[in-house]
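Me: Can you walk me through how to read a few features in a protein model? I'd like the general idea each time, then the case at hand.

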Amino acid sequence: MDGQPTPEVIEQIRDIPIYRESLAKGYFPVLDKPEIARGFPDNWMTPRLAAALESGDAEFVLSTGTHHARMQIIRPPYFLLHSYYQLWRTHPDIGDTWESGCRRVSLTTVLATEHVARVNAARRGADPDPVPALDDRWLDERTCYLNLRLDPALWERAEVVRMLKEIQDARQAHPRGWYHLDCSGYHLAHLLRKVGEWGLWDDFPPPASIIHAYEYTPANVRRYLHQHFACPVIDLFGSTELGYLYFSDRRGTYWPHLDKMTVELHPVAPDSTLYELIVSSVRNPYMPLIRYRSGDCVRTLDGTPDPGRISQFSGRQKELLSTPGGPVAQGDLDRCVAEVSPHVFVYQLQLSGDAEARLAYTTFQGTPLDPDRAAALAEAVGALTGRRCRAEHRGHLPIGKSGKYAWLTTAPDPDNAPSRTGEA
């Protein structure tokens, strides 16, 4: 039966309470996040898991939760980090930077930095410093975290100088001065703009390899990064509960990394070529997920539900926009924007009622698009969404509390109330 687990997988999940009914029926339905949370953790508890929690071989963590409720899960310590390291080690374009001993410098959300600081403080039985020093921002001997501010657009010169110095220190540990830059694409683009604004290029050593893996990276941001770096710029797709599932090569083609996993693609609506991911995975031995609805949407090269032909990871299912032409995902709006202008940096589609929208946007140059290009952008977004749309330049679009940008929100009301950033 399509998507059903193999006998080998069934043997690995036979004792887990959440799967007892499916085992008895001989059929496994799609597993949703609320079902995972119902009765947690007893619905997952086995003697093996209880022993692993007692020994420290398993731990409770929360999923990252960009704009939605976070989910409690159980996994081995450093599960996601080890998945990242495995992909970096084996990647055909950047595996040499792992093997050569490059240190990994991470430029991403301040929440990630704060998490590392909490882990290190707990190891020594202390409270984390509100402004953690560099020693408290090393996750292991390979990886340190740079960012100490929620909104990278608000970085001040002293912060940028400090981060560049920390990059230089990390690269000095390598005999050839190499380092690996791990980032959110948005954060790295903000750093490039600040470095250019303040004339700090001589203090920014180019990385030997780059991975962006924390959130959806718009096409214009990827293009901007490629314009500034000669090294491979690689995208990883994954999640806290699953690890990494796909990686791009330096040309942008996606390849599966389905170690102990299988993937199904289900249309998000009848006859739609936008698909949701249904993942079966025993990679995490303490919480294997069978036919799990991850909440992520994709498009494929030929519009067919072939998980080997994914061309775009298009955003979250909970953030789909209903339109007369069918559901629209973040990736669809992104493609629309990028086709009109490469200069748009951060953007947010702000809905007003049932028929209107405003595309608020910033540019890499900090100046508005010319009137003809802005009109073309509004027209293209209107055609995509079925709404009357206008495009409005902003000097700054604030980041969300998660340290990530929301692409879709409700427009502020006419009395100039502050714009919401989609933190639901």
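Predicted model: local features only at pLDDT ≥ 70, side-chain atom pairs only at ≥ 80, totals over all residues.

Me: Is Lys 260 buried or exposed?

Reply: The general idea is a cut-off on relative accessible area: buried means under 20%, exposed over 50%, partly exposed in between, with a 1.4 Å probe and protein chains only. Lys 260 has a relative accessible area of 52%, so it is exposed. Its place is in the loop between β9 (254-256) and β10 (261-267). Residues are numbered from 1 along each chain as its sequence is written, and side-chain values use heavy atoms, with hydrogens and water left out.

Me: What is phi of Lys 260 near?

Reply: Phi is near 60° there, a positive value in a residue other than glycine. Arg 291 also has a positive phi, near 55°, and isn't glycine either. Arg 291 lies in strand β12, and with a relative accessible area of 4% it is buried.

Me: How are those helices and strands assigned, and how many of each are there?

Reply: They are DSSP runs numbered from the N terminus: helices are H or I with at least four residues, strands are E with at least two. The protein comes to 12 helices and 17 strands. Its radius of gyration is 22 Å, close to the 22 Å from the globule rule for 424 residues, so the protein is as compact as a globular protein of that length. That radius is taken over C-alpha atoms, and the rule is 2.2 Å times the number of residues to the power 0.38. Along the principal axes, the C-alpha atoms fill a box of roughly 65 × 55 × 40 Å.

Me: What share of the residues is buried?

Reply: Of the 424 residues, 53% are buried. As for contacts (heavy atoms within 4.5 Å), take those with a separation of 6 or more: 61% of them are between residues 24 or more positions apart.

Me: Where does α11 sit in all this, and which residues of it are buried?

Reply: Count the buried residues along the helix, then look at what covers them. Nine of the 11 residues of α11 (residues 330-340) are buried, so the helix is largely enclosed by the rest of the structure. The buried set is Gln 330, Gly 331, Asp 332, Leu 333, Asp 334, Cys 336, Val 337, Ala 338 and Val 340. Their cover includes α10 (219-228), β12 (289-300), β13 (310-316), β14 (344-352), β15 (356-363) and α12 (371-385).

Me: Which residues does Cys 297 touch?

Reply: Cys 297 is found in strand β12 and counts as buried at 1% relative accessibility. Not counting residues up to four places away in sequence, Cys 297 touches several residues, including Val 268, Tyr 275, Phe 313 and Leu 320.

Me: Which backbone atoms do the side chains of Asn 43 and Ser 239 reach?

Reply: A polar atom of the Asn 43 side chain lies 3.1 Å from the backbone oxygen of Ile 36. Asn 43 is in the loop between α3 and α4 and is buried, at 9% relative accessible area. The side chain of Ser 239 reaches the backbone nitrogen of Leu 242 at 3.3 Å. Ser 239 lies in strand β7 (residues 233-239) and counts as buried at 15% relative accessibility.

Me: Which peptide bond is cis?

Reply: Check omega: the bond from Phe 40 to Pro 41 is cis, with omega near 0°. Pro 41 is found in the loop between α3 (33-37) and α4 (47-55).

Key
Polar contact = N/O pair within 3.5 Å; in protein donor to acceptor, adjacent residues only side chain to side chain.
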